[in-house]
Amino acid sequence: ALPMTATAVRLQHLYEAEVDAAGRDTASRDAALAQALEQVLARLTGGGDALQGSVAAGLLENPGRFVEQFRFAEPPASDPTAGGLKLWVQFDGVSLARELKQAGLPYWGPERPGVLVWLAVDNRGQRYLVSENGDEQLAADVQQAGRQHGLPLTLPLMDLEDRQAIEFTD
């Protein structure tokens with residue numbers, strides 16, 4: 001066995017989120033800010049039970065105190081599928097880290113180990129490995145789940161070298 005070192009990936013945009021906004025008024029903005037902060041907290045803590053407690057609820061009561069900047073974005077009039085008004089928010093990472101640590105909640109910093117995902121699917125006899133360059137919706141869903149939880153996921157390329165080295169049953 002050869003020793004292997006884990007390489008860290010520095011996540012970009014860890015403290016940013018973009019969410020749907022019902023309007024530009026204060027109540028709609030505050031609701032959207034809370035939703036954006038909840039997304040960022042899920043990335044910083046790994047989600048799960050950490051966000052269910054009263055401490056996390058206390059952080060979400062006043063999300064504005066962690067905001068560094070925000071902006072609203074209207075969808076282009078030429079694209080009817082773009083959806084409605086969006087709110088982009090960047091939160092103060094130092095303040096959030098301090099609050100999470102003081103509250104005893106888990107805190108995952110911006111440097112995290114990369115995770116290689118080998119996902120084998122057996123769909124009623126159709127067997128395949130989910131790959132990075134495949135056009136499967138499942139690959140996009142796996143990547144989206146990784147982003148939601150702040151995990152830098154990598155799927156195999158499944159190029160010729162990968163196909164010769166591994167089988168579905170492996």
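Tutor: What follows is a close look at one helix, then at the pocket beside it and at some charged pairs.

This is a predicted model, in which local features need pLDDT of at least 70 and side-chain atom pairs count only at pLDDT 80 or more, while totals for chains, interfaces and linings use all residues. Residues are numbered from 1 along each chain as its sequence is written, and side-chain values use heavy atoms, with hydrogens and water left out.

The part is α1, residues 26-45. Helices (H or I, at least four residues) and strands (E, at least two) are DSSP runs, numbered from the N terminus. α1 has 20 residues, and from its first C-alpha to its last it covers 28 Å, close to the 28 Å expected at 1.5 Å a residue; the expected span is 1.5 Å times one less than the number of residues. After the helix comes Gly46, with a positive phi near 90°.

Buried residues of α1 include Ala32, Leu33, Ala36, Leu37, Val40, Leu41 and Leu44. Buried means under 20% relative accessible area, exposed over 50%, and partly exposed in between, with a 1.4 Å probe and protein chains only. Arg29, also in α1, counts as partly exposed because its relative accessibility is 23%. The C-alpha atoms of Arg29 and Leu87 are 7.9 Å apart, although 58 residues separate the two along the chain.

On a 1 Å grid over the protein atoms alone, a pocket is an open set of points where a 1.4 Å probe fits, with protein on both sides within 12 Å along at least five of seven lines; lining residues have an atom within 4 Å of a point. Of the 17 lining residues, Arg43, Gln144, Gly146, Arg147 and Gln148 are the closest to the centre. α1 and α4 (137-148) each supply at least two lining residues, and α4 gives the most, with 5.

Lastly, the charged pairs. The whole structure has 5 salt bridges, each a side-chain nitrogen of Lys or Arg within 4 Å of a carboxyl oxygen of Asp or Glu. One of them joins Lys86 and Asp20, at 2.5 Å from N to O. This pair links strand β4 (residues 86-91) with strand β2 (residues 16-20), 66 residues apart. Lys86 counts as partly exposed, at 24% relative accessibility, and so does Asp20, at 47%. Another joins Glu111 and Arg10, with the closest N and O atoms 3.2 Å apart. Glu111 lies in strand β5 and Arg10 in strand β1, so the pair ties together parts 101 residues apart in sequence.
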